[in-house]
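Reader: Could you walk me through this one slowly, starting with how the chains meet?

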Amino acid sequence: MLALVAVHALAAVIAPGLVRLWGRNALYLVALPPAAALIWALSHTSGVRGGEPVVETVPWVPQLGLELALRMGTVSWLMVALVGGVGALVLAYSARYFRTDDAGLGRFAAVFVAFAGAMLGLVVSDDLLLLYVFWELTTVFSYLLIGYDPVKRAGRRAAMKALLVTTLGGLAMLAGFVMLGQHAGSYRWSEVAENLPSGGYLAVAVVLVLLGALSKSAIFPFSFWLPGAMAAPTPVSAYLHAAAMVKAGVFLVALMGPAVADVAPWRPVLLATGLITMFLGGWAALRQVDLKLLLAYGTVSQLGLLMVILGGGTRDAALAGVAMVLAHALFKATLFLTVGVVDHATGTRDLRELSGLGRRSPALAGVAGLAAASMAGLPPMAGFVAKEAALEALLHGGTADLVVLAGVVFGSVLTVAYTLRFLWGAFADKPGIEATEVRPVSWSLLAPAAVLALAGVTVGVLAPAVDRLLAPYADLYPSAETGYHLALWHGFTPALGLSVLAVAGGVGLFQLMRRERVRATLRLPFDGADVYRKSIGLVDRLAVELTGATQRGSLPFYLGVILVVLVLLPGGTLVAGSPWPQRFHLWDTPLQGVAAAVVVVAAVMAARALRRLTAMILVGVAGYGIALLFILHGAPDLALTQFLVETVTIVMFVLVLRRLPAKFSERPIRSSRRGRVALGVAVGAITAGMAYVAAGARQAVPISVGFPDEAVSYGGGKNVVNVTLVDIRAWDTMGEIAVLVVAATGVASLIFRHARDLDRRSDIPGGGRAESPRPRWLTTGATARAQSVILQVITRLLFHAIMLFAIYLLFSGHNAPGGGFTAGLVAGLALAVRYLAGGRTELNGAAPVDAGMVLGAGLFVAVGTGLAALLLGGEFLQSALLDFHLPVLGHVHFVTSAFFDVGVFLIVVGLVLDILRSLGAEMDRQHETEDNEVREKELV
Amino acid sequence: MTPNLTYVIVIGVLVAAGVTLLLERSLTRVLMGVILLGNGANLLLLTGGRAGAPPIVGSSSQEEMSDPLPQAMILTAIVITLGMTAFLLALAYRSWHLNGHDEVQDDVEDRRIMDLAERDEVPDDDVDGDDDDDNEETGADRTLAGTVDSGRAG
């Protein structure tokens, strides 16, 4: 069974490719998996008839008790045969229904066969949770099929409606399943059914499950989604909304009925909602002029009837119910397919426009007639056999059953009437309407419908055989009292009389409706559609109000909210009950106080500065002060990095600020500024308090106590911080250099505005060479205009020395302050100096590579180092120590993590290069272009 | 370990100045705020480990060494701040280039929703609406087969 489902999934995956290859004929191939399901079911017929269910269990996560438990009893067997058989025929029909150049055909085929697979899985699931998963899958696929044409507003809306209603019901059902499963200690229905809870708990669970079944089967008050779903292509309607999806709810009722039919709410709920649905659907069907909608409302009505019969909860009613499921699937699918053919042949489905079709397409009319006879319950059709059984089952009950019986008979009257309306509307000669033009109907389009119609006849004629197949299900009901058997002829029974009465009533009603043109509307004060519309409107309103109230779209507002929460909650906790450390020290060395004073003054002034440049310098001063604090703390690597980063930052600021106005824009109103300052001070105070408490609260031994020893023995380096970066916490570093690559890419894409510019960016090395054809050492390029020649010469002299220093830092970093980050920054600064002295020509001369290449190479080296370790049997980024002798250099001590550090180095260089190219060179170019344009305009 | 009061004060001031700037609308100011705040956060990390001699094996005994772990964390944080600064600067420049200023504007779409909320309306979309008559819901069929005329219910 699982294999069958998997084949459907596979078919769904390859279907679009097949359609691209063979056009619509590929649908015949796609029809094979459902056909296989039918054949598989038929091959197990004898076992199922003997009451032996096919069981298949695949362990999934044994530790959690999760398994894929599948089980095919009688009802499941019937459903598998229907889902597979009707599915295959509808796909074969679709192969002629759609045109081969339909753009969405591949997707249709995929979703359709996926739906068939989900439906198949649903009906063979024994595990309730598995059943739920398939249940929701059918919902999702049906959503995709209804909203098949995304351009159609009606289709989208109908799809959304169906999705919301059935999903909501599905959720309720899931809750019911969980209640049952938790009580039974198992989610396999075969075990849950033996182990049901009792009392109110069971009643609630049953009602929840019924909510799912009723919404799926479009029973009142959920019926409104089904007619809307007719927006789907006709094959979809034939399958989903007649044979398959709406039957899921009926199937669930049939599956659970034998165990829970006697639970208090089960019968009343099913009988009441079923009867209401039957009347409303039947009445609405009588008023339709669109043949397809007429059938849709007819389906709603029939689903109501099915719920009534299956809800009866007796052996005979159950037998009648499953027979009706079979009959309904056969005749309703046939009728939908014939409507599709009518539509194809004439271009309309409006019964006011159709006339004379019966004479012109007798074959089509014959097929439709067979199915319609079954729907109306005429012998020798399957519909007749099922309806007889239902009437008979109800005849022998109590008063309540008689009331229901009257309802069913009246429902049958309606059914006969709308059946006649359908036949008359589609095929009759209508006076006053000229005969509709009919295109020839190919036999391959009609054949699937004909097969289904003939199946309906066969089932009716072979009723006793069908009875033997379905009886094992009916016998599951405890009250195996009368032992009714399906047959065409039971003699002159009251049930036969009622059948005749229904047909006669139906003919009369149809004539009445035709003559009088009864237009009376039957409206209930309470309608599911209204509730749906109102709740959707309410949700929309709520969403707007909530979004409007919380999502202000103002960055300061958001930040303010977050910070106020920070001040109130953690801050409040801090003030309220923290054990404040009693002992503290003022500083480690008085010099810290001096550095701190510099930082404090610079930070406060920076916050007050009105000019961008002033603020920038003050922030830089604060940064250098921090670097000083790092030195005093005993962190030379940090100090080095901080100095370098501050310097690069200042270079960047200068590059950008030369374009921006000198002063900040108008400061906001004073009062809001005071609020900002107050919030800032509060957050600062809270953070300081946390720092104070946290530093004093430390009790555990730091994890880093062992770092120095590990650094030497495993990492092979003496600089513990550097070894931590490239070895102990190398994963962290890996993440961080990735962030750098992203940031660099972001900078470039913000400044290089068009794809064309981005192309040019990769041309930069070439462009640079074009501007200075032969790079000559110490001679300035001809294009350098405003820059100082002396400065350029000096920077060229210094450049290589600085680069050498960077390389030295890179490789000595393992044992002394330095490493990839600092080395990269030093190299970047060397490039920055070249750029500042000579503009973008000089930069291209100094680094004739694309920044993206450098970044990519760095990431490649870093990841490659890690992967190499993995390939050599170690862990990702594990480093190894290599000691070997080289002829000239002598003893060489080498650590593989040095390669990782080279990657870090390259990425930092790439970042700085990228910044210089974007914020420097490209900005220059843009402004030169603009200046030139301005100049040209002035000249003109 | 006892708290170093100097650090505590510097952290407080840096965070206070940083947050004040962060709440402004000018992107350049926000950026300055980010840098100051970042420095404060780095210092906060540093208070997690003791001060001492540089953590280089051989230059001093292990008992005297400063804690290397926060230092490694801070080091990458410093470089990341560099990347972030570059990105925000590019953002500020682009904003200035496009709008003539570098201010963070309110989200226009959010404004629209707030206007809707004030007028007590709902957005115009597919789910809500006039689907009470069945007319609209039919006739969507057959688009595939290309037939134009679709039946309409009455």
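Reader: How many residues of chain A are in contact with chain B?
Author: In this predicted model, 157 residues of chain A are in contact with 115 residues of chain B, where contact means heavy atoms within 4.5 Å. Residues are numbered from 1 along each chain as its sequence is written, and chains are lettered from A in the order in which they are written. Local features need pLDDT of at least 70 and side-chain atom pairs count only at pLDDT 80 or more, while totals for chains, interfaces and linings use all residues, and side-chain values use heavy atoms, with hydrogens and water left out.

Reader: What area is buried between chain A and chain B?
Author: About 11800 Å² is buried between chain A and chain B, and carbon and sulfur atoms give 67% of that; buried area is the accessible area (1.4 Å probe) that two parts lose on being put together, summed over both. In chain A, the residues that lose the most area to chain B are Arg157(A), His633(A) and Leu750(A), which together make up 6% of what that side buries.

Reader: And how many salt bridges does the rule find across that interface?
Author: The rule finds one salt bridge across the interface of chain A and chain B, taking a salt bridge as a side-chain nitrogen of Lys or Arg within 4 Å of a carboxyl oxygen of Asp or Glu. The side chains of Asp102(B) and Arg612(A) meet in a salt bridge, at 3.0 Å from N to O.

Reader: Which helix gives the most to the side of chain A that touches chain B?
Author: That is helix α29 of chain A, residues 670-697, which gives 14 residues; helices (H or I, at least four residues) and strands (E, at least two) are DSSP runs, numbered from the N terminus.

Reader: New topic: is Val5(A) buried or exposed?
Author: Val5(A), which is found in helix α1 (residues 2-22) of chain A, is buried because its relative accessible area is 13%, and buried means under 20%, exposed over 50% and partly exposed in between (1.4 Å probe, protein chains only). Leaving aside residues up to four places away in sequence, Val5(A) touches Gly117(A), Leu120(A), Gly121(A) and Phe134(A).

Reader: Last one: how many helices and strands does chain B have?
Author: Chain B has four helices and zero strands, so that along the sequence its pattern reads α-α-α-α, and of the 154 residues of chain B, 58% count as buried.
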